[in-house]
Amino acid sequence: MTAPAPASGPVPTAPSISPRARNAPTPNLTPDHLAASRAGTSPRRRTLVYGITAALLVVGVIVSAGAGQLPIGPAEVVGSLLRAVGIPNAWAPTEPLIEQTLWQIRFPRVVMSLLVGALLAVAGAVMQAVFANPLAEPGVVGVSSGAAVGAALAITLGLTMFGGWTTAAFAFVGGLAATLVVYATARANGRTEAVTLILTGIAVNAFTGAALALLMFAGDTASREQIVFWQLGSMNGSRWPEVATVAVVGAIAAGITIGLARQFDLLALGDRTAAHLGVRVERLRVFAIVLVALLTGVAVAFVGIIAFVGLVVPHVMRMLLGPANRALLIASLLGGGAVLVYADLLARTVIPSADLPIGILTSLVGGPFFYWLLRRNRRKAGGWG
Amino acid sequence: MTGTAFALRGVGYRIGTAAILDDVTLDIAYGRVLALVGPNGAGKSSLLGVLTGDARPSTGAVTLDGRPLGQWSARELARTRAVLLQANHVAFSFTAADVVEMGRAPWIGTDLADADEQLIADAMARADVAHLGRRAYPSLSGGEKARVSLARVLAQDTRIVMLDEPTAALDLRHQEDVLRIARDLAAEGRAVVVVLHDLSLAAAYADAVAIIAGGRLVALGEPADVLTEERIADVYGTPVRVLADPDTGRPVVLPRRGSPLPRG
């Protein structure tokens, strides 16, 4: 974004800014003018971004559901979906094998990708708002790996105290613990410096890496394999009950975060000013951290570590829509879903007859992006911090 | 509105064993501009922190509108007082207009929210930032940031306004503008508390000046009574000359610089 020279600076000699424009009387701003200059109130642009993202998501779902060893055409996929919601149509597949493939293998997997992507992107956006720092992301600062340690603990020790929810519950607790550590370490004087945040992430990731290694060392072959799966991340073998769990927990947590969006906006002004505007900052922040742990934990519990979605998606949406959190969270929800649906499609098809762990893909793209963001952030801030 | 906004009685504030404020007794009235002045580290910002509710006094009592400050909810306070801090960092590229609009946050869901757009436009015109509305806040100069933040405080439209060194980053004209705004706010019946370093500025615009030094209230009263050569020299540790402004008769404080500066 190139901004014109500040009005209080020296008169520039560059011809690009005409002296007349500089001396022009202050425009008489009407409320309508004002509305147009605010990030949170450009409905046309917002609708456009929502619309395009949602369209990409729908196309992705249809293509992804059709792709695989048994190719299924888009018409058949749409037909089957329409029939499922009670609309009889001529496109719907007649072969039971296609119907079975779609509903028992493809759809759970596609929906799981969609949900996990949406939740991770929202978790990233919330974390960035809470830390008032665009580099905060569950994977980068170690929340995801904290959740993986929790899950690995449950697997290795064979814990079943909460039945089918045990692994998810432990993932949540692990993620929460990691988030609290990051929060306690990286914040100083009401601010989170980028460099402190990244260093804290390194420390947390080092520790969780060791803990995961230890659990693998201690565990048997089966649990070892399962832990490797956490670390790489994969949508393989997603089933409806798991999808339902992620959907329910995710919908509640995402709904709450969107409700808190306005308060997140105020955090950008700094803690004290946010408090002066009536935000109960500490309470909001702790609450948001629990939400981030919940969103990340539930996603990680079933598909493993998928890094950088929470970094890349909110960042792109912020460039398109501005930093106002309500629109940002909704767009991230849609965009995150779309990104992971396509990533999963790629993971399944890029190498013939092999299922590439999706975490590898997102990190391959996300790593360089993170690097670029770091560089840009440093240049803009004139140094680290 | 008339009467007392804040009443401080024997307020002390300590961090560890260090006494930051000691036995401050002070009334802050509606309809008046009170300037807090004093040397660096005297406790001005801490006193402001006690008034905003950010810092809890270790001893003594603070009431706002006759009710102990601790009993006010965050929301109630946000609708009663607006605060401009010294540092006004904004994370993410919110536009200047976005930042000003955030000042309306305490009024969301009230009848007064209907006036949001007009209040935002008025506040921006008043702080001379209407032309900056679409600019990204982080791209503004220090002085522009300070004025946009002032517009945010004005948009909050509260009956008490507190400004911590609002003129620090501003040029001559905008310094005068800000204090004229402070005067206007007081004329509308609001209580205005402003921390200032420039004693002449304080003398020119404040109804009352409070000198804080070493955490204590050293003097409180009308500028001409409080800002005497002896007292200022004593408090700041440097000799000054106090003249009367030929136009207004209010005190103008000049440091005594002794022999002419060496040429170079």
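Helix 13 of chain A (residues 281-303) is largely enclosed by the rest of the structure, because 17 of its 23 residues are buried (20 or more other C-beta atoms within 10 Å of a residue's own, with C-beta atoms placed from the backbone). This is a predicted model, where local features need pLDDT of at least 70, side-chain atom pairs count only at pLDDT 80 or more, and totals for chains, interfaces and linings use all residues. Residues are numbered from 1 along each chain as its sequence is written, while chains are lettered from A and ligands numbered from 1 in the order in which they are written.

How does the length of helix 13 work out?

Now look at a neighbour. Helix 6 of chain A (residues 143-156) packs on helix 13 of chain A at about 55°, with the axes 9 Å apart; axes are lines fitted to C-alpha atoms over the stretch in contact, and angles run from 0 to 180 degrees between N-to-C directions. That makes helix 6 of chain A oblique to helix 13 of chain A, oblique being what is left after under 35 degrees (roughly parallel), over 145 (roughly antiparallel) and 65 to 115 (roughly perpendicular).

Another pair to find is helix 5 (residues 96-131) and helix 15 (residues 325-349) of chain A, whose axes come within 7 Å and cross at roughly 140°. Helix 5 of chain A is therefore oblique to helix 15 of chain A.

Technical notes
Helices (H or I, at least four residues) and strands (E, at least two) are DSSP runs, numbered from the N terminus. The expected span of a helix is 1.5 Å times one less than its number of residues. A residue is buried if 20 or more other C-beta atoms lie within 10 Å of its own, exposed if 12 or fewer, and partly exposed in between; C-beta atoms are placed from the backbone.
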